[in-house]
Amino acid sequence: MKKHKVIEVRNLSASTFVVRFERKEIDFQTGQFVMVGTKGAVDRREYSIYSGETDNFLEILVRKVEGGKVSAKLKKLKPGDTVDADGPFGFFKFDPTTFQSQKFLFVATGTGISPFHSFVKSYPDLNYQLIHGVRFVEEAYDHADYAKEKVTLCTSGEPKGDFTGRVTDHLRELEIDADTNCFLCGNSEMIYEVFDILGEKGVPTSNIYSEVYF
Ligand SMILES: Cc1cc2nc3c(=O)[nH]c(=O)nc-3n(C[C@H](O)[C@H](O)[C@H](O)COP(=O)(O)OP(=O)(O)OC[C@H]3O[C@@H](n4cnc5c(N)ncnc54)[C@H](O)[C@@H]3O)c2cc1C
């Protein structure tokens, strides 16, 4: 485990923020996560890497969870502080050259958009569609970083996104080619439901990859 100096903390909403810290020798493939905690703390948690593969820093996108131990401490970080970070870990990684079909569907809830941000920063020209589910439009984290025609914001708490309702409601209305590579990231309830919907649409489970946050 290495100590990494915090370079910047950028608030995206009242509860969600991006922490940028020194990369040091962490060499990752987009989609992977790091274990992060505040300096010397026993507790650390998994955070998907938000930054691109060639950036000379690392970023994570964190939501301060109500009553959460680690996320609340990360929320208090300031530039010049230190975090303990270790990694990379995980098999939710995507090197686009390894996929036969070059069609990608990303489905995220909340901060589950993080690995897709890394993906799009690393490989901006890919043929992808991102469906992001949140409650309120203020949770459209850094949507300006994605090509406008490639993102659908689904808002379940107010009628202000591209689609009003859950990502699952939107997906049910879509036609999805069976050879699409589907990546799902966020809460387990969404992931189970999307698995079923994609199955009904003829996408084989071998084309579905998922990362469960909680
Ligand atoms: C592979 C992986 C990657 C992850 N990547 C990210 C990421 O990029 N950004 C991010 O913010 N979190 C991410 N998480 C969740 C993160 O690891 C922590 O669980 C989260 O920050 C809460 O930790 P805590 O110590 O503050 O809360 P704890 O004290 O551990 O737990 C508080 C409660 O909050 C629940 N909880 C955990 N995460 C959430 C959430 N996002 N929304 C609502 N409730 C939640 C837990 O189930 C628990 O019941 C990831 C988890 C995994 C397994």
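The C-alpha centres of domain 1 and domain 2 lie 23 Å apart in this predicted model, the chain being divided into domain 1 (2–89) and domain 2 (96–212), with bounds that come from an automatic or database domain assignment. Contact between the two, counted where C-beta atoms placed from the backbone lie within 7 Å, takes 14 residues from domain 1 and 13 residues from domain 2. On the side of domain 1 that touches domain 2, β5 gives the most, with 3 residues; strands (E, at least two residues) and helices (H or I, at least four) are DSSP runs, numbered from the N terminus. That side of domain 1 comprises 5 nonpolar, 7 polar and 2 charged residues, where Ala, Val, Leu, Ile, Met, Phe, Trp, Tyr, Cys and Pro count as nonpolar, Asp, Glu, Lys and Arg as charged, and the others, Gly among them, as polar.

An open sheet of 6 strands runs in the order β10-β9-β8-β7-β11-β12 with parallel pairing, two strands being paired if DSSP finds at least two bridges between them. Because β10 (163–164) and β12 (208–212) stand at the edges with a single partner strand each, one side of each is left without a neighbour in the sheet. Strand β11 (residues 181–186) pairs with β12 in the parallel sense over 5 bridges, and Cys182 stands opposite Ile208 in β12.

Residues are numbered from 1 along each chain as its sequence is written. In this predicted model, local features need pLDDT of at least 70 and side-chain atom pairs count only at pLDDT 80 or more, whereas totals for chains, interfaces and linings use all residues.
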